[in-house]
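Please read the points below with the sequence and the model side by side.

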Amino acid sequence: MAKLAVIVGSVRRDRQGIKVARWIERKLQGRNHIVYFIDPVKLELPLLDRMYKEMSDPPEKIRDLRNMISDAEGYIPVTPEYNHSTSSAMKNTLDYFLEEYYFKPSAIVSYSPGIFGGVNAAQQLRLIFAELGAPAIPSSFVVPRVHEAFAENGDLIDDAYNKRIIKFFEEFEWYVEALKNQRAKGVPY
Ligand SMILES: Cc1cc2nc3c(=O)[nH]c(=O)nc-3n(C[C@H](O)[C@H](O)[C@H](O)COP(=O)(O)O)c2cc1C
């Protein structure tokens with residue numbers, strides 16, 4: 001059991017990503033994890049003015065967000081691909097914090113309507129998470145043809161995903177536990 005933050009990367013009104021993120025949440029809960037579901041729409045997160053640590057009196061919703069990011073033992077960003085990169089919404093959410101991520105792993109999920117499943121966005125996000133101090137595990141999980149993988153109500157259509165996701169989660173859980181054990185011995189800074 002671990003505490004894991006799922007981070008939604010789209011704020012578009014008819015976003016596909018919410019179906020992927022909710023499915024990931026359900027699957028993690030099914031593996032007995034506690035999930036912090038971070039949705040920039042629900043948070044009505046403004047474009048970054050000050051980072052959390054620069055705020056003298058952070059609004060309650062940003063304090064709650066900080067507690068989730070800080071308490072999480074690993075991160076699963078669910079990113080769309082916009083112009084071969086991650087979304088501004090994802091980057092904006094991530095940029096509020098820094099030290100909160102340190103020495104914890106991330107595992108990247110990407111999706112797109114085409115056949116590549118947002119792989120370009122995943123690669124860009126890998127660089128961002130490296131800089132945040134939460135390096136991404138070697139595997140990433142791509143969802144090509146996202147419109148065909150999920151029904152409009154969010155139900156998974158393609159059952160193959162239920163099998164394919166297991167290996168990804170097992171790899172992530174290994175890193176979550178490994179870094180948790182190592183953090184307990186202390187961190188270099
Ligand atoms: C600004 C913008 C740029 C996009 N660029 C790409 C792209 O580079 N590659 C791609 O596969 N799809 C691209 N798309 C299509 C999105 O992957 C598709 O709209 C997807 O549903 C976006 O996720 P969302 O619905 O959760 O926001 C783009 C969409 C938008 C709105």
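1. Threonine 79 has serine 110, in β4, as its bridge partner. Strands β3 and β4 pair in the parallel sense over 2 bridges. Helices (H or I, at least four residues) and strands (E, at least two) are DSSP runs, numbered from the N terminus, and two strands pair if DSSP finds at least two bridges between them.

2. This is a predicted model, in which local features need pLDDT of at least 70 and side-chain atom pairs count only at pLDDT 80 or more, while totals for chains, interfaces and linings use all residues. Residues are numbered from 1 along each chain as its sequence is written.

3. The sheet is open and has 5 strands in the order β2-β1-β3-β4-β5, with parallel pairing. Strands β2 and β5 stand at the edges with a single partner strand each, so one side of each has no neighbour in the sheet. On average, neighbouring strands of this sheet are turned by 15° against each other, direction ignored.

4. A residue is buried if 20 or more other C-beta atoms lie within 10 Å of its own, exposed if 12 or fewer, and partly exposed in between, with C-beta atoms placed from the backbone.

5. The ligand is surrounded by 13 residues, of which Ser10, Arg15, Gly17, Pro80 and Ser112 are the closest; a residue is near a molecule if its C-beta atom, placed from the backbone, lies within 6 Å of it.

6. Two loop residues deserve a look. Glutamate 44, in the loop between α2 and α3, has a positive phi of about 45° although it is not a glycine. Glutamate 44 is exposed, with 10 other C-beta atoms within 10 Å. Phenylalanine 103, in the loop between α4 and β4, has a positive phi of about 65° and is likewise not a glycine. Phenylalanine 103 counts as partly exposed, with 16 C-beta neighbours inside 10 Å.

Conventions: Axes are lines fitted to C-alpha atoms, for helices over the stretch in contact, and angles run from 0 to 180 degrees between N-to-C directions.
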